[in-house]
Number of protein chains: 4
Amino acid sequence: MSANWAKQFSEYPLVTKSPDSATRVVHVGDIAIGAGAFVVMAGPCSVESERQLLETAEAVAKAGAVILRGGAFKPRSSPYAFQGLGVEGLKILAKARRETGLAIVTEVLSECDVDAVAEYADIMQIGSRNMENVALLESVGRCGRPVLLKRGMVATLEDLLAAAECIAAKGNLDIMLCERGIRTFGTATRNTFDIAAVPVLKEVSKLPVIVDPSHACGVRSLVPVLARAGAVVGADGMIVEVHPDPKKALSDGEQSLLFDQFEAMMRDLAQYVPMALRSESCCASMAGGRD
Amino acid sequence: MSANWAKQFSEYPLVTKSPDSATRVVHVGDIAIGAGAFVVMAGPCSVESERQLLETAEAVAKAGAVILRGGAFKPRSSPYAFQGLGVEGLKILAKARRETGLAIVTEVLSECDVDAVAEYADIMQIGSRNMENVALLESVGRCGRPVLLKRGMVATLEDLLAAAECIAAKGNLDIMLCERGIRTFGTATRNTFDIAAVPVLKEVSKLPVIVDPSHACGVRSLVPVLARAGAVVGADGMIVEVHPDPKKALSDGEQSLLFDQFEAMMRDLAQYVPMALRSESCCASMAGGRD
Amino acid sequence: MSANWAKQFSEYPLVTKSPDSATRVVHVGDIAIGAGAFVVMAGPCSVESERQLLETAEAVAKAGAVILRGGAFKPRSSPYAFQGLGVEGLKILAKARRETGLAIVTEVLSECDVDAVAEYADIMQIGSRNMENVALLESVGRCGRPVLLKRGMVATLEDLLAAAECIAAKGNLDIMLCERGIRTFGTATRNTFDIAAVPVLKEVSKLPVIVDPSHACGVRSLVPVLARAGAVVGADGMIVEVHPDPKKALSDGEQSLLFDQFEAMMRDLAQYVPMALRSESCCASMAGGRD
Amino acid sequence: MSANWAKQFSEYPLVTKSPDSATRVVHVGDIAIGAGAFVVMAGPCSVESERQLLETAEAVAKAGAVILRGGAFKPRSSPYAFQGLGVEGLKILAKARRETGLAIVTEVLSECDVDAVAEYADIMQIGSRNMENVALLESVGRCGRPVLLKRGMVATLEDLLAAAECIAAKGNLDIMLCERGIRTFGTATRNTFDIAAVPVLKEVSKLPVIVDPSHACGVRSLVPVLARAGAVVGADGMIVEVHPDPKKALSDGEQSLLFDQFEAMMRDLAQYVPMALRSESCCASMAGGRD
């Protein structure tokens with residue numbers, strides 16, 4: 001590690017690499033994240049209906065995703081935007097898990113919801129807007145579930161590791177760091193995808209790194225090409241938005257892939273990296289063991 | 001209002017100006033914020049001890065501050081940094097109010113603490129890191145106390161008004177917007193003080209606007225000069241860090257003023273704007289009516 | 001000076017302060033810039049016609065400006081935008097000087113034009129886009145005229161002093177530094193006015209500091225209020241755009257003041273700082289001694 | 001093309017795509033840039049000596065580079081930094097071309113040097129600091145050589161195309177756009193590599209796009225991984241810094257690759273994209289036809 005980086009990141013001992021520390025592999029059912037294969041999480045921005053979610057879950061599972069994303073609690077900036085279906089959305093996610101064997105990642109917005117979300121989710125997502133919400137970080141640090149921690153819009157990598165350390169300090173080291181684009185002066189894309197963050201985080205931290213090409217650019221046509229970039233620079237996986245009918249999506253329609261676009265992207269990625277596979281036993285055991 | 005601004009801010013009807021809307025005056029005891037006089041909030045970054053806080057409260061009250069700031073819950077990025085004294089800190093703040101008549105502004109970090117903080121504070125502060133923590137915004141929207149809402153490090157003014165609208169939508173319109181510097185490529189100061197935000201917010205929003213010159217620059221010698229700038233561009237007040245011995249401060253020592261520096265700044269500011277005064281009756285009634 | 005700043009700026013010995021260095025006062029005719037009074041430079045973005053310039057020159061001189069701005073060579077980003085009148089524009093500027101006694105500041109875009117511009121201009125302006133054009137900096141370093149050096153859109157203060165040092169190293173220490181707003185993620189104003197740059201530059205550098213509130217915000221209604229901020233934080237002067245009919249301006253109409261707005265701003269500023277005055281002898285001698 | 005992009009880029013007709021416009025292939029000797037193969041330009045930041053350059057040229061040619069980079073005129077921010085060997089450096093570059101058959105790309109800093117540089121260089125480089133130096137852009141627009149146009153540190157993609165249009169408007173359409181990292185709040189890398197700029201530029205512009213992973217990150221260990229990202233997102237080539245002994249380099253040593261690192265990177269890249277090859281006839285003809 002460069003001296004510059006060693007100095008920047010030295011205050012976060014639980015999440016940075018030391019000479020004797022192995023990389024942390026995060027296990028979700030029998031999916032191993034950080035173990036070499038590229039793990040794909042896919043699904044709609046928001047859970048809008050049972051039909052929308054189940055259809056999407058089947059499509060992304062068939063194309064090779066192993067984890068289903070979908071927001072039940074939505075962190076919209078305006079109080080008048082769609083806020084998500086709440087607990088009803090969580091139940092739909094659980095149903096999709098039973099029917100497809102996909103694991104579930106979903107965002108938690110409030111300390112008060114941590115227990116409820118942890119009851120349904122396999123992975124707790126902390127969104128960009130909450131990366132510095134220390135109370136929430138500490139809550140998920142005690143929740144007993146792996147955490148997908150998204151980088152804040154203007155967080156340095158040091159800020160991101162500090163947030164991870166807040167979770168780890170409460171006893172939870174099952175953390176995945178997620179690069180999802182930062183805010184800059186640029187106007188051609190929604191955010192600026194900081195691709196170099198991936199190899200830097202892989203070098204300084206022991207945690208798996210996930211890329212989110214959907215939020216990184218905000219433009220459907222760019223998602224597959226940025227996914228490819230994320231895969232070849234060493235990310236351990238990605239999270240991507242897919243919707244049966246993006247034009248009608250209640251949120252993030254412009255950056256959501258159609259089913260066939262997702263499938264084409266998965267075939268493309270398989271040329272560059274080994275893809276994590278969903279084992280049949282996994283589906284069976286998860287379907288049986290939960291809910 | 002320019003057409004450009006009208007378009008940017010139209011989605012936040014409760015907090016933006018309309019042709020028939022008066023400016024919102026926020027009342028805290030008999031202090032009126034947004035009514036023409038420049039209101040000064042001052043005190044240490046963190047409540048460190050009873051002695052430190054009382055000494056500071058007396059000094060800032062004597063020099064003309066009418067509201068005392070002091071953090072009991074501290075949003076530090078590292079889990080190993082000083083986290084504040086918690087409820088003990090709130091009690092010390094209440095004691096300072098009894099002894100000096102100053103109103104209290106203090107930060108709330110967690111939804112779970114909103115009731116406890118509201119019991120002691122006159123003004124609830126939402127810090128930069130939590131400006132997009134919607135669950136917390138909604139909680140303070142229901143807490144029955146005025147709110148000091150700090151702009152996020154990389155929040156546009158639209159983002160700031162969206163956050164204010166989240167509070168207002170829960171029934172609380174007693175909101176003060178606070179410009180405290182944004183994150184840019186600059187390295188000479190801790191943040192970049194976006195001074196133009198003050199007149200823009202005064203034109204598009206009906207809420208009072210407060211400046212925080214301490215966080216805006218992070219350098220003691222610049223605080224008085226930036227305070228002056230804030231005063232002449234139309235801010236309704238400022239919040240500033242003062243400490244009896246900045247070198248020993250547990251947080252933000254580099255940007256905290258000494259007592260005599262604070263007093264000199266207050267004399268300087270009085271040349272430029274009318275300063276809000278603390279009335280004796282206020283002190284008496286507040287001292288009698290609370291705790 | 002803080003240790004942090006001393007370190008950042010130590011490589012530029014000609015333009016930074018040393019214990020024994022006095023502030024540099026730049027003399028333009030009998031106008032002294034950096035000597036305590038606030039010097040106002042005003043005029044249109046571009047010289048469009050003799051009539052437009054002379055009318056503006058008279059109006060700004062009457063209201064208290066002592067230097068006339070006006071672009072003869074325009075650095076437009078598109079090759080199809082108005083490029084300025086060139087040498088014809090310089091001659092119109094010279095005529096305005098003869099008629100009003102105002103000194104002239106105008107931009108030079110090309111090394112090849114340095115001699116021609118120096119023949120007509122009292123102050124050579126280096127625009128933001130050319131702040132790192134070292135060949136041009138070196139040329140104006142040898143031209144024998146004072147230089148107004150505008151900060152680049154994303155230049156740190158260190159970058160700005162480095163550019164000044166390039167000019168100074170060629171023998172020209174008559175340099176004024178100009179803060180004109182930086183590029184950030186903000187969308188409410190054209191640029192972000194980095195007001196703290198003024199006191200920082202005044203502390204670390206020996207050169208006068210000028211503010212440009214017109215480019216800093218790009219919105220007419222904000223110009224006077226930002227000018228006031230610049231004046232109270234210690235700037236030695238300002239440069240501001242004024243146009244007889246901004247709606248018809250060939251460039252920067254949205255940020256140009258009308259004559260009466262300029263006059264009102266000058267009266268307002270006089271309440272805050274001592275304004276530099278144009279002496280009659282100055283007019284006479286300049287009118288006689290040039291062209 | 002998205003409606004958003006079409007609107008942003010519509011003012012630059014010579015360099016943006018139209019329904020009937022083919023991609024521009026830039027020919028340099030018999031190297032075709034923009035024709036499908038990934039073109040590698042490599043060499044030291046600065047030409048420091050004949051020995052240093054020739055050694056590097058041989059090493060990069062052997063490993064598969066087809067164009068040699070090397071600065072003879074250096075745009076250093078401080079006037080006291082190494083300024084390059086000037087015309088002497090150009091002569092060394094020409095000698096390296098004769099001995100290796102590599103084409104030469106080198107930066108031009110001043111309008112006054114355009115003819116001299118064009119006499120020696122096969123490709124004229126416009127550096128980031130000069131991307132908005134319109135006088136220089138127009139000069140290289142008339143110089144009869146292809147141009148490598150580097151994106152400014154804080155230039156939007158629209159600004160970059162505007163600069164390209166300035167060159168094209170003078171009759172020169174042999175322009176390559178170069179993404180080399182932008183300035184943001186990040187501190188872990190020298191700049192932020194805006195990888196999404198590559199596919200956006202490929203979609204909106206007809207010009208070839210080159211990536212510069214060396215400047216994009218400023219850290220040797222990251223260069224090969226970012227080069228890989230650039231290759232898979234559709235860049236037409238890259239420019240990369242290589243030095244025989246980076247610790248002794250007069251500039252940019254921290255980001256320069258050693259010979260064996262460069263060779264390993266080239267082997268790695270060949271797994272992802274077809275690499276442009278240097279034909280023997282090319283070497284022969286160039287060696288015969290110039291100097």
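Mentor: Two strands are taken as paired if DSSP finds at least two bridges between them. Please keep in mind throughout that this is a predicted model.

Trainee: How many bridges join strand S4 of chain A to strand S5 of chain A?

Mentor: Strand S4 covers residues 67-69 and strand S5 covers residues 103-107 of chain A, and the two run parallel. One position in this pairing is A:Leu68, whose bridge partner in S5(A) is A:Ile104. At least two bridges are needed for a pair, and between S4(A) and S5(A) the number found is 3.

Trainee: What do the paired strands of chain A form, and in which order do they run?

Mentor: The strands of chain A pair in parallel and close on themselves as a barrel of 8 strands. From one strand to the next, the twist averages 25°. The closed barrel of chain A runs in the order S3-S4-S5-S6-S7-S8-S9-S10.

Trainee: Which helix of chain A lies across strand S3 and strand S10?

Mentor: The strands in question are S3 (39-43) and S10 (237-241) of chain A. The helix that lies across them spans residues 259-270 and runs at about 165° to S10(A). By its number along chain A, this is helix H10.

Trainee: In chain C, what is the bridge partner of C:Val40 in strand S10?

Mentor: Chain C also has 8 strands that close into a barrel with parallel pairing, in the order S3-S4-S5-S6-S7-S8-S9-S10, and there the twist averages 25° from one strand to the next. Strand S3 (residues 39-43) and strand S10 (residues 237-241) of chain C pair in the parallel sense over 5 bridges. Within S10(C), the residue bridged to C:Val40 is C:Met238.

Trainee: What angle does the direction of helix H3 of chain C make with that of S5(C)?

Mentor: Helix H3 of chain C, residues 87-100, packs on the sheet and touches both strand S4 (67-69) and strand S5 (103-107) of that chain. Relative to the direction of S5(C), the direction of this helix makes an angle of about 160°.

Trainee: Turning to the interfaces, which helix gives the most residues to the side of chain C that touches chain D?

Mentor: The contact draws 31 residues from chain C and 31 residues from chain D, and C:Glu132, C:Val154 and C:Arg183 supply 23% of the area that chain C buries against chain D, more than any other three residues. With 4 residues, the one that gives the most is H6(C).

Trainee: How many salt bridges does the rule find across the interface of chain C and chain D?

Mentor: One salt bridge joins the side chains of C:Glu132 and D:Arg129, at 3.5 Å from N to O. That pair qualifies because the cut-off between a side-chain nitrogen and a carboxyl oxygen is 4 Å. Across the whole interface of chain C and chain D, the number of salt bridges is 4.

Trainee: And between chain B and chain C, what is the count of salt bridges?

Mentor: Here the contact takes 34 residues from chain B and 34 residues from chain C, and the buried area is about 2,700 Å², with 73% of it on carbon and sulfur atoms. The rule finds 5 residue pairs in polar contact across this interface, both residues at pLDDT 80 or more. On the side of chain B that touches chain C, helix H9(B) holds the largest share, 5 residues, and the residues of that side divide into 21 nonpolar, 8 polar and 5 charged. The salt-bridge count between chain B and chain C is 0.

Trainee: Within chain B, how many residues apart are B:Asp212 and B:Lys150?

Mentor: These two residues form a salt bridge whose closest N and O atoms are 2.5 Å apart. B:Asp212 sits in the loop between strand S9 (209-211) and helix H8 (213-217), whereas B:Lys150 belongs to strand S7 (residues 147-150). The pair thus links distant parts of the chain, and the separation of its residues is 62.

Key:
Residues numbered from 1 in each chain as written. Chains lettered and ligands numbered in written order. Predicted model: local features only at pLDDT ≥ 70, side-chain atom pairs only at ≥ 80, totals over all residues. Heavy atoms only, no water. Contact = heavy atoms within 4.5 Å. Buried area = accessible area lost by both parts, 1.4 Å probe. Axes fitted to C-alpha atoms, helices over the stretch in contact; angles between N-to-C directions. Polar contact = N/O pair within 3.5 Å; in protein donor to acceptor, adjacent residues only side chain to side chain. Nonpolar A, V, L, I, M, F, W, Y, C, P; charged D, E, K, R; others polar.
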